[in-house]
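Please look over the sequence and the model shown here, then read on.

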Amino acid sequence: MLIAAALVATKLLWLPRNVYPDRERLAAAIEARLATAGLTSSRPWKAAPFRIRAAGGACTMIVQQLDVEAAEKSIFVERARDIGPVRYLYHDAMRTDFPRAGTVLRDQLQRQAARVGLMVTVDPIIGVAASPACPDPAPLLAGLKLFPRAGPPALR
């Protein structure tokens with residue numbers, strides 16, 4: 001509780017540092033994991049540079065880190081429709097429902113801690129749609145973390 005109060009106070013002070021999730025770093029880690037499974041990856045969607053398409057043999061997969069607000073979720077589900085059902089990897093477990101409980105607080109903890117110089121990694125929400133011939137994505141993508149990255153200076 002004391003940590004939460006300190007983070008709220010830090011937010012109110014608006015320290016001069018914006019912090020964002022490092023989605024590029026996570027996407028590169030996802031691509032590396034997909035490569036270990038023999039899948040070739042690409043990022044064919046210019047409007048969604050962190051959405052990854054992977055293929056190999058009869059396997060086709062789409063993978064993307066999704067934000068807690070689920071702003072990209074409906075587009076992801078639409079793109080995945082022809083591949084397979086969408087599932088979400090969160091805390092190294094696959095689920096069919098989009099995780100909500102605690103995810104906003106988790107993201108705020110990461111952002112506010114980074115403002116005071118603490119690097120906190122969090123479990124990402126990773127959307128996955130895979131054809132039946134694909135390997136199980138849960139062990140393939142388990143253990144991935146979302147790191148913070150510094151953004152432009154905050155407005156005063």
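Strand β7 is mostly covered, with 6 of its 6 residues buried. Buried means under 20% relative accessible area, exposed over 50%, and partly exposed in between, with a 1.4 Å probe and protein chains only. Strands (E, at least two residues) and helices (H or I, at least four) are DSSP runs numbered from the N terminus. This is a predicted model, in which local features need pLDDT of at least 70 and side-chain atom pairs count only at pLDDT 80 or more, while totals for chains, interfaces and linings use all residues. Residues are numbered from 1 along each chain as its sequence is written, and side-chain values use heavy atoms, with hydrogens and water left out.

Ile 125, Gly 127 and Ala 129 point one way from β7. Ile 126, Val 128 and Ala 130 point the other way, and all of these residues are buried.

## Strand pairing

Two strands pair if DSSP finds at least two bridges between them. The table lists three pairings.

| Strands | Sense | Bridges |
|---|---|---|
| β4 and β7 | antiparallel | 6 bridges |
| β5 and β7 | antiparallel | 4 bridges |
| β5 and β6 | antiparallel | 3 bridges |

Ala 129 in β7 is the bridge partner of Ile 62 and also of Val 86. Val 128 in β7 is the bridge partner of Arg 87. In strand β5 (residues 86-90), 4 of the 5 residues are buried, so β5 is largely enclosed by the rest of the structure.

β5 and β6 form a hairpin with 2 residues between them. His 91, in the turn, has a positive phi of about 55 degrees. Tyr 90 has Ala 93 in β6 as its bridge partner.

## The nonpolar core

A nonpolar core is a set of buried Ala, Val, Leu, Ile, Met, Phe, Trp, Tyr and Cys residues joined through side-chain atoms within 4.5 Å. The largest one holds 21 residues, of which Ile 30, Leu 34, Met 61, Val 63, Ile 126 and Leu 141 touch the most other members. At least two residues of this core come from each of α2 (23-36), β3 (52-56), β4, β7 and α5. The largest share, 4 residues, is supplied by α2.

## The cavity

A cavity is a set of points on a 1 Å grid over the protein atoms alone where a 1.4 Å probe fits but cannot get out, and lining residues have an atom within 4 Å of a point. Grid points are joined across faces, edges and corners, and a volume is the space filled by probe spheres set on the points. The count comes to 1 cavity of 30 Å³ or more. The largest cavity has about 60 Å³ of space. Its lining includes Tyr 90, His 91, Ile 126 and Leu 141. The lining residues divide into 6 nonpolar, 2 polar and 2 charged.

## The disulfide

A disulfide is a pair of cysteine sulfur atoms within 2.5 Å. The whole structure has 1 disulfide, formed by Cys 59 and Cys 134 with their sulfur atoms 2.0 Å apart. Cys 59 lies in strand β4 (residues 59-66) and Cys 134 in the loop between β7 (125-130) and α5 (137-141), so the pair ties together parts that are 75 residues apart in sequence. The torsion about the S-S bond is about 100 degrees, so the disulfide is right-handed. Cys 59 is buried at a relative accessible area of 3%, and Cys 134 counts as buried at 12%.

Conventions:
On a 1 Å grid over the protein atoms alone, a cavity is a set of points where a 1.4 Å probe fits but cannot get out, and a pocket is an open set with protein on both sides within 12 Å along at least five of seven lines; lining residues have an atom within 4 Å of a point. Ala, Val, Leu, Ile, Met, Phe, Trp, Tyr, Cys and Pro count as nonpolar, Asp, Glu, Lys and Arg as charged, and the others, Gly among them, as polar.
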